[in-house]
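The paragraphs below walk through one structure, with the cut-offs given where each term comes up. Please keep the sequence and the model in view while reading.

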Amino acid sequence: DVIARNTLTESEEKELRDFTVDNGGIFFSSPFSREAVDRLEQWNVPLYKIGSGECNNHPLLEVVASTGKPVILSTGMNSLESIRDAVNILTQNQTQIALLHTTNLYPTPSSLVRLGGVVDLMENFPELVIGLSDHSTSNAACLGSVALGARLLERHFTDDKKRIGPDIVCSMDPDELRSLIALSCEISMASGGRREALVEEQVTMDFAFASCVSIAPIRKGEKFSEVNTWVKRPGTGELSANDFYDLIGRESLQDLKENVQIPRSAAY
């Protein structure tokens, strides 16, 4: 009944294709039969989407792979072994592949999204583009997946959530789509990197770090101690705060006034 209510005729699908292309979009589709692949080939689609239910449909995968066009493969309901079999079929034809972690529940509760599946796919298929096909009711899962390394996102879309349809409950509207694009790009730019000081942080380091400073006059030959030495901002001195305990107990090699940064030459 669901299929009967929502199936497009060939002319309706062609109208949708023309509208998409005329407005600068990329039209592609998810075939469920050889006939559908033949129709899409007549329209010269640039790539194919394979739904999770066809991930283990090897005959259909062979037909799609024979086109030599890129494939976005959803992996819901399938084991890693089943996914690997599908990838092997597609790669025999040197097909470019992207894998989408998916949970096939409409809508998907947050507790069953399992973003760890994105990580599993990245670890098991490091040579492929990995992403998330999400059926939850907000952008949270997609944005979380980007932080984990997802590079392709899919959510259902509707122009109006008051429409009637089986997927409206888990579809995003135009405002949510704008937000998803903006925030996912922002998170992607913020991802990666290493835990190390940046050159750009030096101006803050100079201000925020501390240096070894005399807190009383120190005569040449007098030992540095916690009575005459302490650490203070800024961090522009030659001896930083983490040199403090190595400095304590050494004899000063020169006279120092009170409240000056201690030069390295005064102790070493």
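Met77 is found in the loop between β2 and α5. Here helices (H or I, at least four residues) and strands (E, at least two) are DSSP runs, numbered from the N terminus. The model is predicted: local features need pLDDT of at least 70, side-chain atom pairs count only at pLDDT 80 or more, and totals for chains, interfaces and linings use all residues. Residues are numbered from 1 along each chain as its sequence is written, and side-chain values use heavy atoms, with hydrogens and water left out.

The phi of Met77 is near 70°, a positive value in a residue other than glycine. Most residues other than glycine have a negative phi, and most peptide bonds are trans. Met77 is exposed, with a relative accessible area of 66%; buried means under 20% relative accessible area, exposed over 50%, and partly exposed in between (1.4 Å probe, protein chains only). Arg114 also has a positive phi, about 60°, although it is not a glycine. Arg114 sits in the loop between β3 and α6 and, at 46% relative accessibility, counts as partly exposed.

The loop between β3 and α6 (116-124) also holds Pro107. A cis peptide bond joins Tyr106 to Pro107, with omega about 5°. Another cis peptide bond joins Arg233 and Pro234, with omega about 0°. Pro234 is placed in the loop between β8 (229-232) and α10 (244-247).

Next comes the sheet. Six strands form an open sheet in the order β1-β2-β3-β4-β5-β6, and the pairing is parallel. Its edge strands, β1 (48-50) and β6 (171-172), each pair on one side only. Two strands pair if DSSP finds at least two bridges between them. Strands of a sheet pair through backbone hydrogen bonds, either parallel or antiparallel. Strand β2 (residues 71-74) and strand β3 (residues 97-102) pair in the parallel sense over four bridges, and Val71 stands opposite Ile97 in β3. Helix α5 (residues 80-91) packs on the sheet and touches β2 and β3, where contact means heavy atoms within 4.5 Å. The direction of α5 makes about 160° with that of β3; axes are lines fitted to C-alpha atoms, for helices over the stretch in contact, and angles run from 0 to 180 degrees between N-to-C directions.

How many salt bridges does a search of the whole structure find? The search gives nine, a salt bridge being a side-chain nitrogen of Lys or Arg within 4 Å of a carboxyl oxygen of Asp or Glu. In one of them, the side chains of Arg39 and Glu13 meet at 2.7 Å, N to O. Arg39 lies in helix α3 (residues 34-42) and Glu13 in helix α2 (residues 10-22), so the pair ties together parts that are 26 residues apart in sequence. Both Arg39 and Glu13 are buried.

Lys49 and Glu154 form another salt bridge through their side chains (2.9 Å, N to O). This pair links distant parts of the chain, with Lys49 in strand β1 and Glu154 in strand β5 (residues 153-157), 105 residues apart. Lys49 is buried, with a relative accessible area of 8%, whereas Glu154 is partly exposed at 24%. Salt bridges that share partners join Lys14, Arg17 and Asp18 into one network. Within it, the closest N and O atoms of Arg17 and Asp18 are 2.7 Å apart. Arg17 is buried at 15% relative accessible area, and Asp18 is partly exposed at 27%.
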